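Here is a short briefing on one protein structure. Please look over the sequence and the model before reading the points below.

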Amino acid sequence: MLLDPIQSRMALRCALDHKFAILAVNADSPSAMTDCLDAARECDAPIIIETSLWQLTGRSFGGGDALMGMARYLAELTVLANGERYRDVPVIFHTDHIKGPDTLRLLTAAIGGLPFGDGQTQLRASTISLDSSELSEQENIEHIAALCTAAKEAGVAATLEMEAGVDAGVTEIQVAERLLAAVESAHPGNLYLWAPGVGTQHGLSDKGYPFSPDAVSKHQQRASAICGRPIGIALHGSSGLQECNLHDGVAAGVAKVNWSSESLLIRSQAAQEFYASHSAELVKTHPSWKTTAMDNGVQTFVSQRYLPKVMERIGVLSGMGMSSKIRASLLRGPQS
Ligand SMILES: [Zn+2]
């Protein structure tokens, strides 16, 4: 089931209460989405499917048109997540690393709703973040405030992640004070995730990471105090981290762990292996050339390699069996 913004807050709160983090996979194709939902179902775990600008404009979704990409991505995920097979899997759709001149137009549409099918049904994102790496603090505040205003004007809830200084070492605690307090005082009740720099870096590297669980803990406590409710830390750049780092991060208050680089590498290497090991079949005289050439051929092979890795990652974040806890919290309703 695809969670709405209010249900997503409850799921994130549940993660903090029960000391697990929800895996957020940057899924760049419909088959990647299906694999992630299957992995979550196998683990009885929640999952966040997130998309960045490069997926929205990519060939599988928008073909150059990011707004079309958003509608198509949301339509794919809504139909999939709300289908019978995944009825018990809490699925959050999150916008990740949206930047550039189209940021506010795209995210306003994701909050307010994109028309689907009959034009009456609106597709909405569960949770929202934007890429602040090229914004000043003031611009970051203004962008987040504009999204809060857009939600208010549309008469809907927005559940937001605010970021600062990801990839730039450890963010000073005063930054949380400046950014979160500015948004919270003008637009109370919209922020639920905070993504400061905690020593991680995007991408894959074999260099040591100065990851700081202490920074996670301090930022989580400070952000929660500023907002007056539990705020989870969103961890960017998790691909290069060791398992023990992830354990420590979750114990310190990480509620959402983004996973992109390693996920992409696993999928692309599996595809490479498929084509390398099936090259003899890809000639028109071979009896099984067609089953080899079909998208389902490579995607089924990729899925067999990828699913165990997603499940392993969910396990590292202590997410196994946590769907039932989220379902129970959804039945109880929002708490303060
Ligand atoms: Zn990121």
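Two strands count as paired if DSSP finds at least two bridges between them. Strand E8 (residues 191-196) and strand E9 (residues 232-235) are joined by two bridges and run parallel. The model described here is predicted.

**The barrel**

- Eight strands form a closed barrel in the order E1-E2-E3-E6-E7-E8-E9-E10, with parallel pairing.
- On average, neighbouring strands of this sheet are turned by 25 degrees against each other, direction ignored.
- Strands of a sheet pair through backbone hydrogen bonds, either parallel or antiparallel.

**Helix H1**

- H1 packs on the sheet and touches strand E1 (22-26), strand E3 (91-95), strand E6 (127-129), E8, E9 and strand E10 (254-259).
- The direction of H1 makes about 105 degrees with that of E10.
- Helix H1 (residues 5-17) has 13 residues and should span 18 Å at 1.5 Å a residue; its end C-alpha atoms are 18 Å apart, which agrees.
- Of the 13 residues of H1, 11 are buried, so the helix is mostly covered; a residue is buried if 20 or more other C-beta atoms lie within 10 Å of its own.
- The buried residues of H1 include Pro5, Met10, Leu12 and Leu16, and also Arg9 and Arg13.
- Just after H1, lysine 19 has a positive phi of about 55 degrees.

**Helix H7**

- Helix H7 (residues 173-186) lies across strand E7 (160-164) and E8.
- H7 runs at about 155 degrees to E8.

Definitions and conventions
Residues are numbered from 1 along each chain as its sequence is written. This is a predicted model: local features need pLDDT of at least 70, side-chain atom pairs count only at pLDDT 80 or more; totals for chains, interfaces and linings use all residues. Helices (H or I, at least four residues) and strands (E, at least two) are DSSP runs, numbered from the N terminus. The expected span of a helix is 1.5 Å times one less than its number of residues. A residue is buried if 20 or more other C-beta atoms lie within 10 Å of its own, exposed if 12 or fewer, and partly exposed in between; C-beta atoms are placed from the backbone. Axes are lines fitted to C-alpha atoms, for helices over the stretch in contact, and angles run from 0 to 180 degrees between N-to-C directions. Two residues are in contact if their C-beta atoms, placed from the backbone, lie within 7 Å.
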